[in-house]
Amino acid sequence: MTALTLLQLTKTFGTNRALDGVGFSVAPGERVALLGHNGAGKSTLMKIILGLIPFDSGTASVLGATPGSHAARRQVAYLPENVAFHPALTGQEQLRYYLRLRGENPAAALPLLKRVGLGDAATRRIGTYSKGMRQRVGLAQALIGNPRLLVLDEPTSGLDPVSRREFYSMLDELAAEGAAILLSSHALTEVEARTDRIVILSRGRMVANDTLAALRRLAALPVQLHVMARPGQADTVARHLNAARLNGTMVALSCTPEDKLARLGEITALGPMIEDIEVIPPSLEDLYSHFSRQPDGRNLQ
């Protein structure tokens, strides 16, 4: 059973069609990035998954249950971009409060805080926490009840690089334990290497839904080759490859994915004139820009 299944989901607000036939699924243990510009439909989609608003047509199933039902809510966790907790409470007091609300043992508060790296700060007031620490409290709250689907909306906003890396390491652990993760983010470089599949929304329609490697094949964007020439050989290398020099020793060229091996053969044939080669495939940012301009993504459903 998939953790999340959406089929031809449609939602309108007056004359504005926020979602237009969106459909995809998230399997247990899978990390899916949900991307899109402001107004693309991401927030609307998340609210539907959480059962906060109804949809007009299509079908939606959360772990085999209707979104917003008791069965679904018991198995789904949500972490917003900006968490809000009482500043006068300690991290442990706040978690104990939420555990009681969920009918769970309040004694689980400290182990949850330790799991997200806040064990040493458990008895400090949340008002003294940094943004990253408050976000960790939010993740600890989301983990109450061992949820099987986590919906995360810009969860690393405002975190420093070390905190972001640690946050994604925790998500990797949760996915390895079988939790499904749907993550919305504008930080494309960080989700590029930490998610299994990419879903892109544009103007309420899904224009991409696949792995990063598959999207690169589908987009067929140019591959960049940076060739490091040995000292004094850059001009000769650039002339042989009909390419441009970037600086004293670097020569840059681009090619189609189909021509990449042939161009690499030309470079290696220059033998002792070459110091190194760097192959730079299209980034997620390049792919996002490419697919966001697609007029209609319904053929991807």
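Colleague: Which residues lie nearest the centre of the second largest pocket?

Modeller: On a 1 Å grid over the protein atoms alone, a pocket is an open set of points where a 1.4 Å probe fits, with protein on both sides within 12 Å along at least five of seven lines; lining residues have an atom within 4 Å of a point. Here 20 residues line the second largest pocket, and Gly39, Ala40, Gly41, Lys42 and Ser43 lie nearest its centre. Strand E2 (16-26) and H1 are the elements that give two or more residues to this lining, and H1 gives the most, with four. Helices (H or I, at least four residues) and strands (E, at least two) are DSSP runs, numbered from the N terminus. The model is predicted: local features need pLDDT of at least 70, side-chain atom pairs count only at pLDDT 80 or more, and totals for chains, interfaces and linings use all residues. Residues are numbered from 1 along each chain as its sequence is written, and side-chain values use heavy atoms, with hydrogens and water left out.

Colleague: How many residues of each class are in that lining?

Modeller: Ala, Val, Leu, Ile, Met, Phe, Trp, Tyr, Cys and Pro count as nonpolar, Asp, Glu, Lys and Arg as charged, and the others, Gly among them, as polar. The lining of the second largest pocket has three nonpolar, 10 polar and seven charged residues. That of the largest pocket has 12 nonpolar, two polar and two charged.

Colleague: Is helix H1 largely enclosed or open?

Modeller: Buried means under 20% relative accessible area, exposed over 50%, partly exposed in between (1.4 Å probe, protein chains only). Six of the eight residues of H1 (residues 42-49) are buried, so the rest of the structure largely encloses this helix. Lys42, Thr44, Leu45, Met46, Ile48 and Ile49 are the buried ones. Just after H1, Gly51 has a positive phi of about 80 degrees.

Colleague: How many aromatic pairs are there?

Modeller: Rings of Phe, Tyr and Trp (its six-membered ring) pair if their centres lie within 6.5 Å; planes under 30 degrees apart count as stacked, over 60 as edge-to-face and the rest as tilted. There are three such pairs in the structure. Phe85 and Tyr98 form an edge-to-face pair, because their ring centres are 6.2 Å apart and their planes lie at 70 degrees. Phe85 and Tyr98 are both buried. Ring pairs join Phe85, Tyr97 and Tyr98 in a cluster.
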